[in-house]
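Biologist: Could you bring up the chain so that we can go through it together? I have a few quick questions.

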Amino acid sequence: MNVKKTLVSIAATTAILGGFTIGTASSASAAGYGCGSVGHNNSDAVHKVVVGHLRNGPAETCTQTLSVAPGTTFYAWCGVYNKYGNLWVYGRLAGGETKGWIYSKNLTLESGSVKIC
């Protein structure tokens, strides 16, 4: 495959996945983000919440800290693939300092991109 076709393929995949920057999470980096963990701000993405719950870690089994109303603006700080291969995004809800993790499929991208924590 030539370089041009490779770049077109990468661009198409990124567009399909809603603008998330895709990277491979090593088991060491993913293991550092369990329940009770926080991410760091290295992204510029702005999302709207479709439906979801803010959690204290990147997994469905982590404690739910808040039910988030649909349409709420969510400022993504970074993302991590959990041990199940699901992308979770850490960030802050608009209008305050409430932070937490939301499953990426519960968000729609408005602008920017999410980088791996």
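Biologist: Which residue in β5 is the bridge partner of A76?

Modeller: The bridge partner of A76 in β5 is G91. Before we go further, this is a predicted model, in which local features need pLDDT of at least 70 and side-chain atom pairs count only at pLDDT 80 or more, while totals for chains, interfaces and linings use all residues. Residues are numbered from 1 along each chain as its sequence is written, and side-chain values use heavy atoms, with hydrogens and water left out.

Biologist: Which strands does β4 pair with, and in what sense?

Modeller: With β5 (residues 87-93), β4 pairs in the antiparallel sense over seven bridges, and with β1 (residues 46-49) β4 also pairs in the antiparallel sense, over three bridges; two strands pair if DSSP finds at least two bridges between them.

Biologist: Is β4 buried or exposed?

Modeller: Eight of the nine residues of β4 (residues 73-81) are buried, so the strand is largely enclosed by the rest of the structure. Buried means under 20% relative accessible area, exposed means over 50%, and partly exposed lies in between, with a 1.4 Å probe and protein chains only.

Biologist: New topic: how many aromatic pairs does a search of the whole structure find?

Modeller: The search finds four, where rings of Phe, Tyr and Trp (its six-membered ring) pair if their centres lie within 6.5 Å, and planes under 30 degrees apart count as stacked, over 60 as edge-to-face and the rest as tilted. One of them is W77 with Y90, an edge-to-face pair at 5.8 Å centre to centre with 70° between the planes. That pair links distant parts of the chain, since W77 lies in β4 and Y90 in β5, 13 residues apart.

Biologist: And which residues do ring pairs link into a cluster?

Modeller: The cluster consists of Y33, W77, Y90 and W101, and both W77 and Y90 are buried.

Biologist: What about disulfides, how many are there?

Modeller: The count comes to two, taking a disulfide as a pair of cysteine sulfur atoms within 2.5 Å. One joins C78 to C117, with S to S at 1.8 Å, and links distant parts of the chain, from β4 to the segment after β7 (107-111), 39 residues apart. The other joins C35 to C62, with S to S at 2.0 Å.

Biologist: Which one is left-handed and which right-handed?

Modeller: The link of C35 and C62 is left-handed, with -90° about the S-S bond, whereas the torsion for C78 and C117 is about 80°, so that disulfide is right-handed.

Biologist: Why does C78 count as buried, and why does C117 count as partly exposed?

Modeller: C78 counts as buried because its relative accessibility is 0%, while C117, at 22% relative accessibility, counts as partly exposed.

Biologist: Last one: what helices and strands does the chain have?

Modeller: There are two helices and seven strands, running α-α-β-β-β-β-β-β-β from the N terminus on; helices (H or I, at least four residues) and strands (E, at least two) are DSSP runs, numbered from the N terminus. Of the 117 residues, 34% count as buried.
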